[in-house]
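Hi there,

I'm passing a structure on to you, and you'll find it just below.

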Amino acid sequence: MAIATVNPTTGLTEKEFQAHAPDEVERRIGEAAAAHAALRLTDYTERAVWMRAAADVLEGDVDDLATLLTIEMGKPIAQARAEVLKCAKNMRFYAEHAELFLAEEPLPNPSAVNASSAFTRYDPLGVVLAVMPWNYPLWQVIRFAAPALMAGNTGLLKHASNVPQTAIYLDTLFERGGFPAGSFRTLLIGAGAVGDVIRDSRVKAVTLTGSEPAGRSVAAIAGEQVKKAVLELGGSDPFIVMPSADLDAASTTAVKARVSNNGQSCIAGKRFIVHTDVYDEFARLFSEKMAALTVGDPMDEATDVGPIATESGRDEIADLVADAVAKGAAVLTGGRVPDRAGWFYEPTVLADLSDDMRLVMEEAFGPVATLYRVADRTEAVAIANQTTFGLSSSVWTNDDAEEAYFVGAVDAGAVFINGMTVSYPELPFGGIKDSGYGRELAAVGIQEFCNLKTVWKA
Ligand code: NAP
């Protein structure tokens with residue numbers, strides 16, 4: 001894949017970049033390793049000052065950055081602005097909480113282990129490689145980098161090849177806040193060059209957010225090297241609607257959950273599983289609201305849904321829908337590639353799915369929703385759990401017993417009740433099954449790339 005900004009709204013290549021040569025990659029890994037030696041000697045207070053300053057820099061750049069995100073991957077401009085501001089919030093969150101999350105923990109009864117005292121502490125691991133996707137080009141990186149740097153690690157970024165200008169911006173962001181030079185470095189490299197970086201002895205761990213095949217490949221190399229890995233992979237989240245739900249609120253939120261970021265979110269509600277008593281009404285409300293969305297130029301504030309980020313991504317969505325329709329799915333709205341420049345796809349709702357359709361098991365990374373009619377909660381859970389993914393889920397019910405049942409029975413990293421899944425700095429984030437392993441955000445997110453060291457004293 002060429003390293004280039006190709007505007008998905010026009011299909012035109014705006015800027016191309018040469019991949020870093022091996023000696024430049026080597027130099028940058030060296031910088032990150034040297035910066036770690038300096039950073040680990042600093043304290044939380046110092047790092048928090050730099051992190052807050054970097055957040056100020058980011059906020060100051062909000063308009064230029066939001067425009068860049070929209071040009072590089074087609075996110076509607078208001079959502080791009082919100083992404084920038086959310087990153088600044090996350091940076092301040094870790095500036096404030098890192099010391100608490102990584103505090104030493106004394107053993108209350110050291111005599112039980114024949115010690116006068118015993119405690120655990122968190123030490124940074126060193127240089128951590130982040131392999132990141134284009135769909136939230138700032139947020140995915142910052143939610144790794146902010147805790148990593150606050151813990152005293154340094155970061156290397158291999159960003160997706162279609163967001164190189166965002167990657168270059170991130171290269172200097174933390175230095176602009178005051179972090180030692182090299183604390184965070186972008187590597188402009190293709191996917192094929194990632195393995196050698198993981199194998200480098202100065203690189204201690206790797207995190208990947210992206211597709212399942214990429215995750216398998218990176219985890220295999222990390223495993224062979226006995227290096228820690230965190231994987232945040234795909235999802236096909238269920239959105240379950242039961243008879244006691246507020247259907248108007250559920251259908252409005254369902255639209256937002258499905259088409260936010262032009263439908264390209266790992267935690268989007270993708271499969272809408274609806275109790276038969278309210279299925280027809282929900283299907284009507286949901287389809288009408290999907291059909292009413294404004295599809296268009298993402299730079300226009302009035303646009304709800306912009307283009308798919310890449311031509312291959314748009315073609316993949318069209319193929320998934322064509323496969324389902326050829327096998328008997330009903331199109332309640334959408335289902336076509338609009339006749340215009342760029343890589344657009346109509347907001348689409350499909351019903352009457354059968355197990356031979358690819359959409360039943362595969363992730364739809366675009367504004368395409370599938371509807372399932374179920375007789376009861378047992379059938380709802382069976383469909384919710386039938387994919388190989390297990391990232392998040394959303395359940396709509398006002399029945400306490402039903403709520404408790406779903407919270408326990410859905411196989412996912414999170415359950416959101418009467419709301420859509422959203423990532424917050426305060427909440428652990430991650431999946432199970434083919435959605436990956438490990439967690440980001442909250443306390444656990446900063447602890448992932450630390451050495452939990454036990455100290456025992458006679
Ligand atoms: P992708 O193709 O896997 O790309 C993600 C990153 O991995 C890019 O930097 C890519 O580089 C790199 N990459 C691809 N194949 C690789 C390999 N074999 N070895 C090493 N690196 C490799 O994913 P995508 O299509 O851009 O992103 C969409 C996917 O990400 C969806 O499945 C989505 O659900 C998932 N996602 C998950 C989360 C989460 O938190 N769980 C969040 C956002 C997105 P190139 O660009 O150079 O190919």
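**What was found around the ligand**

A polar atom in the side chain of Glu-363 is 2.7 Å away from one of the ligand's oxygen atoms. The protein hides 85% of the 910 Å² of accessible area that the ligand has on its own. Please keep in mind as you look around that this is a predicted model.

In Arg-143, a side-chain N or O atom lies 2.7 Å from a ligand oxygen. For Lys-158, the distance between a side-chain N or O atom and an oxygen of the ligand is 3.0 Å.

If you'd like to find the site by eye, go to the largest pocket, which is where the ligand sits. In total, 29 residues surround the ligand, and the closest ones are Trp-134, Arg-143, Ser-161, Ser-211 and Glu-363. Sorted by class, this shell holds 15 nonpolar, 10 polar and 4 charged residues.

Where in the fold does the shell come from? Both domain 1 (4-232 + 433-457) and domain 2 (237-417) contribute at least three residues each. Among the helices, at least two shell residues come from helix 5 (139-151), and at least two from helix 8 (212-224). Which helix gives the most to the shell around the ligand? That is helix 8, with 3 residues.

I hope this makes a friendly way in. Enjoy exploring!

Best wishes

Definitions and conventions:
Residues numbered from 1 in each chain as written. Predicted model: local features only at pLDDT ≥ 70, side-chain atom pairs only at ≥ 80, totals over all residues. Heavy atoms only, no water. Near = heavy atom within 4 Å. Polar contact = N/O pair within 3.5 Å; in protein donor to acceptor, adjacent residues only side chain to side chain. Areas by Shrake-Rupley, 256 points an atom, 1.4 Å probe, with all protein chains shown as cover. 1 Å grid on protein atoms, 1.4 Å probe; cavity = no way out; pocket = protein on both sides within 12 Å on 5 of 7 lines; lining within 4 Å. Sits in = over half its atoms within 2 Å of the grid points. Helix = DSSP H or I, 4+ residues; strand = E, 2+ residues; numbered from the N terminus. Nonpolar A, V, L, I, M, F, W, Y, C, P; charged D, E, K, R; others polar. Domains from an automatic or database assignment.
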